[in-house]
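This report covers a helix, its salt bridges and a pocket. The sequence and model come first.

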Amino acid sequence: MNLQRTTLKAYKFGIVNYLNALKLQERLSGERKAGDIQDTILSLQHPPTYTLGKRRTDHNLLVTESELQAMGAELHYTERGGDITFHGPRQAIIYPIISLRAIGFGARKYVEGLESIMIEVASLYGVNAHPGKAGETGVWVGDRKIGAIGVRISSGITSHGLAFNIDPDLNYFKHIVPCGIRDKGVTSLRREAQMQLPADEVIHDQLIRSFAKTFHFKDIQWSQGGLISLADEIK
């Protein structure tokens, strides 16, 4: 298949409420499906938030919703794949809204590509990360998880994506069975790297650049303002 390499449009945000980001993804997914926008990627963080995938594995949440509220954390049910996970400040969230058909990738290769992106960025800081074993999604350092993946694909258009732990508060993970995998730990780039890390924004940019390279985009069109008003509209 002879596919034309295209430009990836990248939007960078700060901390965005989970429901606002979800509504934004839904809107952009519809526009991408209709061919009204080009392939797009969102880079952001969330306030403390737990999310469950479409399998609704509530048993992997180890505290009550009222206890979560007391911690200042939210709980949301989603239509992505994967199990329960945590999102919070200093965790890089990447939400690609792209057409897999346009770039010639199937679902499995897409997920493997997301894993390779986190592995590549971890390696920039001397961290040897690897995909999980059979049944263990995401990216690991030994038996400690450093990156999670949960995607939704509708009519060939992706949403949701990956969460890469730069330096989040790992105590939040004690209240869940992360991604439904027991007897495994959670870690971060800050904990594993044997060097000083740059600003989080640099690592967000490295994830986006690795994404563009992995999925054969011609170049990246960066934007920091175009969607801000749109995000404000959905608050």
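## Helix α6 and the residue after it

H216 follows α6 and has a positive phi, near 65°. The model is predicted.

The buried residues of α6 are D200, I203, H204, D205, L207, I208, S210, F211, A212 and T214. An α-helix has 3.6 residues a turn, so residues three or four places apart point the same way.

## Salt bridges of α6

The structure contains 10 salt bridges. One of them joins E201 to K12, with 3.1 Å between the closest N and O atoms. Because E201 is in helix α6 and K12 is in strand β1 (residues 7–15), this pair ties together parts 189 residues apart in sequence. D205 is itself among the buried residues of α6.

A salt bridge also forms between the side chains of E120 and K213, at 2.3 Å from N to O. This pair links distant parts of the chain, with E120 in helix α4 (residues 107–123) and K213 in helix α6, 93 residues apart. E120 is partly exposed, its relative accessible area being 25%, and K213 counts as exposed at 51% relative accessibility.

## The D143–R144 pair

D143 and R144 form another salt bridge, in which the closest N and O atoms are 3.8 Å apart. R144 counts as partly exposed at 30% relative accessibility. D143 is likewise partly exposed, with a relative accessible area of 41%.

## The second largest pocket

What volume does the second largest pocket have? The value is about 210 Å³. Its lining consists of 15 residues, and those nearest the centre of the pocket are L22, E26, R152, S159 and H160.

Three elements each supply at least two residues of this lining: α1 (18–33), β9 (144–154) and β10 (157–165). Of the contributors, α1 gives the most, with 5 residues. By residue class, the lining of the second largest pocket comprises 4 nonpolar, 6 polar and 5 charged residues.

How values were computed:
Residues numbered from 1 in each chain as written. Predicted model: local features only at pLDDT ≥ 70, side-chain atom pairs only at ≥ 80, totals over all residues. Heavy atoms only, no water. 1 Å grid on protein atoms, 1.4 Å probe; cavity = no way out; pocket = protein on both sides within 12 Å on 5 of 7 lines; lining within 4 Å. Points joined across faces, edges and corners; volume = space filled by probe spheres on them. Helix = DSSP H or I, 4+ residues; strand = E, 2+ residues; numbered from the N terminus. Nonpolar A, V, L, I, M, F, W, Y, C, P; charged D, E, K, R; others polar. Buried < 20%, exposed > 50% of the residue type's maximum accessible area, 1.4 Å probe, protein only. Salt bridge = Lys/Arg side-chain N within 4 Å of Asp/Glu carboxyl O.
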